[in-house]
Amino acid sequence: MTLSHPPQDIPAASASLGSLIRGHRLRIGLTQRELADLSTISVRAIRDLEKGKAQRPRTDTVRLIADALRLGPRARTALEAAARSGPRAGGEVRRLSMERAAPPVPLYPLVGREAETGIVVEELRSGAERLVTVVGLSGVGKTRLALEAAARLYDAGLPVLWHSGDGATADCLRADDDPLPRLADSCARFLRGGGQPGELGEPLPGLADALVALQDGGAPVRGAVLVLDGVDTTALDFGRLSRLLRAFPDLRLLVTGERPWNVPGERLFLLSPLEAPAPSAGHTDAPAVRFFLSQLRRVRPDIVPDARALADVTWICHRLDGHPAALGAAASWLTVCDLSTLRDIVDSDPAPLLDHLAGGPEGSRLQVRVSRTLAALPAAQRTLIGELCRLDDGEFLFQDVVRLTGRSLPECGRLMRELLVGGVIRASTDGGRSAFRVLCVVRAAAGATASV
């Protein structure tokens, strides 16, 4: 990785002893052997100091190293202070091996999303994109996609730092007692404005230490990935992001949220619901169908997916637009009804099925989250969604938007893009033409809002 020495604008006093020695050594172009010869200290001692294995060297050792590095008064004082302070919060991070910088473990297998995962992984692995923001409606599977992408990037040799924001779903196992997750949380706080005004803040010295340790701990590290899952992008500071990316040229960010960051260099990745064609298309192996069957096996393993059952499942998936959280909630109702009854309920009014029976009195809170998304839309978009919901089955054409709004084509195009990015509509190819649909969960939330 490109981490030759601590970034110049990080206060030296806040850096660790090991990173200070390494940074000064590389700054003047010395190898560990050359520094050992100049200071009369063994190569192994130099290596242990830089890796953090030796954390409280003798005063004479520090003096000899400072003399060999030809440090000025200020740099010498900082080196001596770091030696006296011993290991700080980042010390434990420095000693971690690369195997510890792993993402959380997902609770359930990923169904579908092979194409989406492949794109995200390749763009971040190659470094073609340094900031990928995955957006989509709540419950569409952003966290699960990020978990899969992070696991594959980790398998490719990239350390992964994972931060779970307030909007993240709890569908993974995270080791909260490890320092690397805490480091990721510190980086997230930094991007939200943490740290002293005018300074880079605390996370960067710790991040530098961790990445240097990962680089020295075994095979060469070709980069690192910081995942910010379920974060409010409106609270993130682009200026701090720019400084972070400049300080660590091989760092990549994967962000998931309900809205894009809208900053230069952002690769916006829209995650739509799973593919769920109309039953007439005969795609009983569509991703949405396979996802629902995986949920069905967990709830009702006694139900055999014969031809009739597959027809019911395909219809349910289509009516619920392949939305994973909606499908999971609907499947939970199979504990109290059979498959044909579930289909009848979906046909008449699917809104009650969006409460997950295993989620307690508050259900899955899917409708609450979707209602919050609708409430955050500009008034013109909310009005348009209300009018589109009154169309047959919520399906419409671009011409319908022009007719309903009376706006110009460019204005309608931008309006449609904003609704697609917000995840409240999706493209529909059932009729062989470029049509769109208002998601079932959105129609249910809009109907509940209108009835209040």
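User: In this predicted model, which residues of helix 13 meet helix 15?

Analyst: From helix 13, Arg308, Ala309, Ala311, Asp312, Val313, Trp315, Ile316 and Arg319 take part. Their partners in helix 15 are Leu339, Ser340, Leu342, Arg343, Val346 and Asp347. By class, this contact has 8 nonpolar, 1 polar and 5 charged residues.

User: Why is helix 13 called roughly parallel to helix 15?

Analyst: Helix 13 (residues 307-319) and helix 15 (residues 339-348) pack at about 25°, axes 10 Å apart. Angles under 35 degrees count as roughly parallel. Helix 13 is therefore roughly parallel to helix 15. The crossing of this pair is left-handed.

User: What makes helix 2 and helix 4 roughly perpendicular?

Analyst: The axes of helix 2 (residues 32-39) and helix 4 (residues 59-68) cross at roughly 110°. The range for roughly perpendicular is 65 to 115. Helix 2 and helix 4 are therefore roughly perpendicular to each other. Their axes come within 8 Å, and the crossing is right-handed.

User: How do you know that helix 2 and helix 4 touch, and by which residues?

Analyst: Contact means heavy atoms within 4.5 Å. Leu35, Leu38 and Ser39 in helix 2 meet Leu64, Ile65 and Ala68 in helix 4. The classes here are 5 nonpolar, 1 polar and no charged residues.

User: What lines the second largest cavity, and how do the classes divide?

Analyst: The structure holds 4 cavities of 30 Å³ or more. By class, the lining has 8 nonpolar, 2 polar and 1 charged residues. Gly counts as polar and Arg as charged.

How values were computed: Residues numbered from 1 in each chain as written. Predicted model: local features only at pLDDT ≥ 70, side-chain atom pairs only at ≥ 80, totals over all residues. Heavy atoms only, no water. Axes fitted to C-alpha atoms, helices over the stretch in contact; angles between N-to-C directions. Helix = DSSP H or I, 4+ residues; strand = E, 2+ residues; numbered from the N terminus. Parallel < 35°, antiparallel > 145°, perpendicular 65-115°, else oblique. Left-handed = near helix turned anticlockwise from the far one by under 90°. 1 Å grid on protein atoms, 1.4 Å probe; cavity = no way out; pocket = protein on both sides within 12 Å on 5 of 7 lines; lining within 4 Å. Points joined across faces, edges and corners; volume = space filled by probe spheres on them.
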